[in-house]
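Let's take a walk through this structure together, one region at a time. Please keep the sequence and the 3D view at hand.

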Amino acid sequence: MGKLKGSFSKNIKQFVMLIALVVIIVLFQALTNGTLLKPMNVFNLINQNAYVVVLAAGMLVCILTGGNIDLSVGSVVAFVGACAGTFMITWEWDPYLSVLLCLLIGILIGAWHGFWIAYVRIPAFIVTLSGQLIFRGLTLIVLKGLTLSPFPRAFMSLSTGAIGNFLGGLDPGSGLRNFTSLLIGLVLAAGVVAQQIKRRADRKRKGYSYDSLPMTLLRALVIAAAILYFFWILANYIGTPIVLITVGIVLVVYSYLTSKTVMGRHLYAVGGNEKAARLSGVKTDKIKFLAYVNMSFLAAVAGLIFSARLQSSSPQAGMGFELDAIGACFIGGASAYGGIGTVGGTLIGALIMGVLNNGMSIMGISIDLQQVVKGLVLLAAVAFDVISKQKISLPFLTRLFRRRRQAEA
Amino acid sequence: MADALLQMRGITKLFPGVRALDNVNLTVQEGEIHAIVGENGAGKSTLMNVLSGIYPYGSYEGDIFFEGRECRFQNIKDSERLGIVIIHQELALVPYLSIGENMFLGNEQTGFGGINWDQTYEKAAEHMREVGLKEDPRTLIKDIGVGKQQLVEIAKALAKNVRLLILDEPTSALNDEDSLNLLNLLKQFRSERGITSIMISHKLNEIAYVSDNITILRDGATIETLKTSEVTEARIIKGMVGREMVDRFPKRVPSIGGVALEIENWTVYHPLFTERKVVDNVSLHVNAGEVVGIAGLIGAGRTELCQSVFGRVYGAKISGTLKKYGKPLELLSAADAIREGFAYITEDRKGDGLVLSNSIKHNVTLSRLELVSQRGVIDADLEQRAAEDYKEKLDIRATDVEQQVGNLSGGNQQKVLVGKWMFSQPDIMMLDEPTRGIDVNAKYEIYSIINRLVGEGKSILMVSSELPELLGMCDRIYVMVEGRMVGELTREQASQEVIMGMIIEASKGAQTTWAS
């Protein structure tokens with residue numbers, strides 16, 4: 001009983017969020033008369049939201065260390081975009097070298113933030129607020145307030161367009177026209193099924209608790225079907241977006257990092273109880289420092305993705321991106337106090353935000369109203385989390401009940 | 001009986017797993033100074049928290065009568081309305097507000113359109129005169145000393161029309177002069193204004209100086225109430241410690257080896273107030289296979305000693321030598337200490353011991369993840385096996401090692417904490433209050449684990465505020481008072497009376513100038 005309750009309450013949030021995501025997708029699919037899941041729209045949806053997923057992965061790491069957020073990421077995205085533009089367009093440097101330099105700049109910015117936060121112990125909120133101003137200002141200086149374009153083709157091919165279609169299709173004009181996407185989907189789906197079965201076998205062999213075979217197969221098939229459906233949609237348009245590779249790598253790497261490595265474990269420990277972590281020999285300052293280095297590194301990645309999609313370096317790029325990333329983390333179940341949250345949950349959170357944005361835009365709902373809806377969704381998600389976890393329940397409720405009991409007595 | 005100002009009858013207060021108060025009775029007469037004494041954990045502060053409404057009516061059993069009327073306080077405001085004011089050991093003043101602002105915090109002198117500052121400071125000055133505090137009421141709290149801050153607390157109580165003043169260890173942070181002033185002030189209030197006081201204190205000489213009656217608490221129960229003029233110190237000490245020694249400790253045949261840990265001339269300063277010594281030139285040693293205890297009151301510097309040894313996680317300007325198996329060591333971080341085979345099991349398992357939001361498994365392996373990982377990647381199988389191993393060895397009651405530690409009982413959490421530090425494979429374990437807040441059975445299990453560990457040749461340094469526990473478990477006991485080591489006793493020499501006597505003698509040393 002205790003166990004059931006434990007694992008249930010641990011996963012309930014993510015499960016509920018997954019259901020919520022499906023409900024939101026179905027809802028907007030209906031409200032937009034099927035436009036939401038049209039192949040072209042799905043392709044655009046991925047391109048529009050790739051940067052949010054990348055930023056949210058970094059933001060999750062920061063939040064895990066104790067509810068610290070990074071307000072500077074939007075400005076860092078813009079600054080890195082501005083650097084990329086200057087290197088490639090103004091100075092005509094080699095695109096690959098430029099990309100490497102941009103990533104290095106991201107790491108340096110992160111080290112700057114991390115130094116003040118971890119070693120001088122200035123609250124992250126303040127350091128990154130200052131970073132937000134500094135790097136927005138530097139962006140304007142670098143770009144002299146102008147927009148740079150266009151980027152060389154080699155750079156754009158890093159993160160725009162689709163993976164080349166080596167296999168052809170039924171009909172290049174319409175319908176199922178991209179066999180490559182279908183193949184990718186099939187490989188991934190088969191991989192998931194194999195992994196689920198192997199995992200069950202492993203757990204059984206080692207004597208851990210494991211699910212029944214039908215349950216395992218059912219789960220594997222549902223996931224596989226979802227993947228196939230997704231890639232089938234993509235196959236009906238120009239194929240799999242290239243940016244999906246970057247996003248996929250980020251998701252896999254950060255899932256692995258947070259769940260399987262010593263470093264990841266230390267992250268959760270620092271956020272869960274910093275004093276206990278320090279007494280356990282965890283270098284808490286170093287962990288915080290690295291979290292911010294990592295954040296700005298991923299902001300640089302997002303900056304490159306974003307400017308490639310925009311095909312230009314704009315001084316206004318990245319405005320408000322930090323809020324999308326923070327929102328995605330909290331909707332996805334991260335705790336505002338740190339120590340709790342997963343990459344998978346954050347992905348769900350980012351998708352919920354993305355589908356909301358996209359769906360409401362298709363419906364022609366005005367930007368102002370969209371903001372109101374997104375704000376309410378964020379509040380609802382976190383309130384649900386807080387209330388479902390609270391053992392003490394809401395203080396004003398207990399007081400109310402006590403009064404009543406007294407009155408009855 | 002009829003004129004008793006306060007009567008508390010049959011007060012019982014339960015915390016998860018612990019009976020903090022068990023049918024306690026307390027009667028305080030109008031116009032007296034009533035002392036409450038007892039060892040750490042005897043239930044003194046809990047009783048006062050019940051009285052002042054910090055634990056609201058309904059969360060305890062028993063009745064409170066004040067001036068003959070039954071009281072059912074929901075919060076502090078309710079008790080303050082009747083003139084019951086509590087001043088805690090940790091002063092509750094806001095450092096960056098002025099004396100006047102602090103005095104009327106929550107009770108602001110408002111006029112038309114907001115706070116009336118003239119009235120605030122005028123009234124503040126008036127109450128400050130009553131307690132003999134010569135300061136400008138506009139001075140910030142952070143700019144005056146602890147002694148004056150204590151006076152501000154009392155002036156604040158006067159501003160609330162206090163009828164019954166409760167002081168929890170009022171002189172623990174004060175020097176002799178300030179202490180004497182404070183005690184004289186209480187006497188003056190009693191004779192001139194008829195203010196009744198309850199004073200909790202360890203300092204028996206102060207109690208003898210100021211109080212009319214003494215109530216002794218022990219293990220959450222009232223032992224007796226005595227007239228101060230009729231008793232001796234020895235009589236009070238006997239009442240405080242005189243409990244029956246039942247067979248609460250598992251037997252162990254000591255097999256003690258050579259010196260394992262040596263600490264010499266160890267001095268530590270407070271990390272914030274860097275001119276304050278918290279550990280003063282302490283030397284001690286622990287042999288292999290030996291359990292050594294450190295006795296002392298809360299605030300004697302025992303925790304600070306252990307934490308400063310454990311990779312300097314506490315303190316500033318640490319000096320002294322540290323040797324393990326004769327080899328001098330320089331431990332600069334907790335990670336260093338763990339690598340060199342030290343473990344420190346904190347007294348505050350929730351505050352800085354466990355990560356409550358993590359599973360048993362993750363907590364057990366946290367302090368030495370490298371034992372279950374390769375090149376920074378955790379081997380899930382190894383980790384699982386290690387965690388299950390300790391769950392079984394220590395009989396941690398949970399369905400599996402994935403269970404969140406925050407959901408376990410106190411005793412099981414303590415076992416996870418001990419398991420975590422056994423996992424780190426230490427040679428020297430420092431246990432700080434290893435059985436605080438857990439029930440008798442869980443205590444016995446922890447004692448058995450300690451015996452097993454020394455049986456394996458490990459050395460244990462144990463800090464405890466429960467004297468019977470030290471007497472029952474330790475081969476040797478050091479006594480610490482105010483940062484100094486004041487005695488060392490073998491198992492045969494040690495008894496509760498001897499240790500309490502040493503502590504009281506040493507803490508009195510500084511005050512003989514006036515107490516006689």
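Which residue in β16(B) is the bridge partner of E262(B)? The partner is K323(B). Before going further, a word on the ground rules: the model is predicted, local features need pLDDT of at least 70, side-chain atom pairs count only at pLDDT 80 or more, and totals for chains, interfaces and linings use all residues. Residues are numbered from 1 along each chain as its sequence is written, while chains are lettered from A and ligands numbered from 1 in the order in which they are written.

β13 (residues 259–269) and β16 (residues 316–324) of chain B run antiparallel and are joined by six bridges; strands here are DSSP E runs of at least two residues, helices H or I runs of at least four, numbered from the N terminus, and strands pair if DSSP finds at least two bridges between them. Both belong to an open, antiparallel sheet of four strands in chain B, ordered β14-β13-β16-β17. At its edges sit β14 (277–287) and β17 (327–328) of chain B, each pairing on one side only. Helix α9 (residues 302–309) of chain B lies across β13, β14 and β16 of chain B, at about 70° to β14(B); axes are lines fitted to C-alpha atoms, for helices over the stretch in contact, with angles from 0 to 180 degrees between N-to-C directions.

Now look at where the chains meet. Chain B gives 29 residues to the contact and chain A gives 23 residues, with residues in contact if their C-beta atoms, placed from the backbone, lie within 7 Å. On the side of chain B that touches chain A, α10 (334–339), α11 (349–353) and β20 (377–378) of chain B are the elements giving two or more residues.

Definitions and conventions. Contact = placed C-beta atoms within 7 Å.
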